[in-house]
Amino acid sequence: MRSINEIIVHCSATREGQHIPVETIKKGRDIDKSGAHTKGHNRNSIGICYCGGVETDGKTPKDTRTPEQKESLLHVLKTLMAMFPLATIYSHNEFANKACPSFDATEEYKNL
């Protein structure tokens, strides 16, 4: 198993309310393989992505998470923190000049 010290939350930058088929989002990597989600941080991190992140105009950043997405994301992050208790949760925008994930994940999940 890789040494994980960062969990980085992303958004897919898809429009609010846009339907994303399950087949499209089942393209992630196994947890034991390095991702390609945050330049310079992939070796020792896990990237988590929720569908959404922009308004219906397709440009304006917005926290579009539904209550179900918030619940699921919290569950996934709690599970990962149990597996990697020394990891810190970050927002992608802390490492890249982007709005992603369109909310402050670091602050929201600081107590996990």
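Select A13, which is found in the loop between β1 and β2. Helices and strands here are DSSP runs, numbered from the N terminus: helices are H or I with at least four residues, strands E with at least two. The model is predicted, so local features need pLDDT of at least 70 and side-chain atom pairs count only at pLDDT 80 or more, while totals for chains, interfaces and linings use all residues. Residues are numbered from 1 along each chain as its sequence is written, and side-chain values use heavy atoms, with hydrogens and water left out.

**Stop 1: A13**

A13 is partly exposed, at 48% relative accessibility. The classes are buried under 20% relative accessible area, exposed over 50%, and partly exposed in between, with a 1.4 Å probe and protein chains only. Show the neighbours: leaving out residues up to four places away in sequence, A13 touches G52 and V54. Contact means heavy atoms within 4.5 Å. Then check the backbone: A13 is not a glycine, yet its phi is positive, about 60°. Most residues other than glycine have a negative phi, and most peptide bonds are trans.

**Stop 2: C100, P101 and S102**

The peptide bond from C100 to P101 is cis, with omega near 15°. P101 is found in the loop between β5 (88-91) and α3. Select S102, in the loop between β5 and α3. S102 has a positive phi of about 70° and is not a glycine. At 17% relative accessibility, S102 counts as buried.

**Stop 3: the core around I7**

Which residues touch the most other members of the largest nonpolar core? They are I7 and L77, in a core of 18 residues. β1 (6-11), β3 (45-50) and α2 (67-83) each supply at least two residues of this core, and α2 gives the largest share, four residues. A nonpolar core is a set of buried Ala, Val, Leu, Ile, Met, Phe, Trp, Tyr and Cys residues joined through side-chain atoms within 4.5 Å.

Centre on I7 and display its contacts. Not counting residues up to four places away in sequence, I7 touches I46, I48, L77, L80, M81, A87, T88, I89 and Y90.

**Stop 4: aromatic rings**

Rings of Phe, Tyr and Trp (its six-membered ring) pair if their centres lie within 6.5 Å; planes under 30 degrees apart are stacked, over 60 edge-to-face, and the rest tilted. By this rule there are three aromatic pairs. Y90 and F95 form one that is edge-to-face, 5.1 Å centre to centre with 70° between the planes. Y90 is partly exposed at 22% relative accessible area, and F95 is partly exposed at 26%. Now select Y50, F103 and Y109, which form one aromatic cluster.

**Stop 5: salt bridges**

How many salt bridges does the structure hold? There are four, each a side-chain nitrogen of Lys or Arg within 4 Å of a carboxyl oxygen of Asp or Glu.

Show K62 and E16, whose side chains meet in a salt bridge at 2.9 Å, N to O. K62 lies in the loop between β4 (53-54) and α2 and E16 in the loop between β2 (14-15) and α1 (22-25), so the pair ties together parts that are 46 residues apart in sequence. K62 is partly exposed at 31% relative accessibility, and E16 is partly exposed at 31%.

Move on to R65, which is buried at 8% relative accessibility. D63 forms a salt bridge with R65, with the closest N and O atoms 2.8 Å apart. D63 is partly exposed, at 28%. The side chains of R65 and E108 also meet in a salt bridge, at 3.0 Å, N to O. This pair links distant parts of the chain: R65 is in the loop between β4 and α2, E108 in helix α3 (residues 105-108), 43 residues apart. E108 is partly exposed at 41% relative accessibility. Salt bridges that share partners join D63, R65 and E108 into one network.
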